[in-house]
Amino acid sequence: MTVEKGAEVPRSSRVNPALIRQLNLSRVFHAIRLEPGASQRRIGERTGLDKATVSTVVAVLVDDGLVARSTVASGRPGRPEQALTVDPDGGLLIGARVELG
């Protein structure tokens, strides 16, 4: 789709940052749920999100009490990786799918 300079972008083509954030939160949370103990690097590989996005999303999930970090020895030089797990004391999440018709 091409848009002429100065033309209004159709509403359906606009990016909704709040929706993107929610999708990224969901992708990272579910990746951690499916692979407990995974590092941020592994979550990035699994979701296809870049390091900065994964780091930001994990920080939000930790601050919200939904994800816990624990340091694991990797045997590699440098900063040790942190294993990410769903925090069992983080609360209760409920999902529902409603279909009409």
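Me: Asn24, buried or exposed?
Reply: Asn24 is buried, at 12% relative accessibility. Buried means under 20% relative accessible area, exposed over 50%, and partly exposed in between (1.4 Å probe, protein chains only).

Me: What is the source, and how are residues numbered?
Reply: This is a predicted model, where local features need pLDDT of at least 70, side-chain atom pairs count only at pLDDT 80 or more, and totals for chains, interfaces and linings use all residues. Residues are numbered from 1 along each chain as its sequence is written, and side-chain values use heavy atoms, with hydrogens and water left out.

Me: What does Asn24 touch?
Reply: Leu49, Thr53 and Val57, not counting residues up to four places away in sequence. Contact means heavy atoms within 4.5 Å.

Me: And which helix is Asn24 in?
Reply: Asn24 sits in helix H1, which covers residues 17–34. Helices are DSSP runs (H or I, at least four residues), numbered from the N terminus.

Me: Switching to the core. How many residues are in the largest nonpolar one?
Reply: It has 15 residues, and those with the most contacts inside it include Val28, Ile32 and Leu61. Such a core is a set of buried Ala, Val, Leu, Ile, Met, Phe, Trp, Tyr and Cys residues joined through side-chain atoms within 4.5 Å.

Me: Which helix gives the most to this core?
Reply: H1, with five residues.

Technical notes:
Helices (H or I, at least four residues) and strands (E, at least two) are DSSP runs, numbered from the N terminus.
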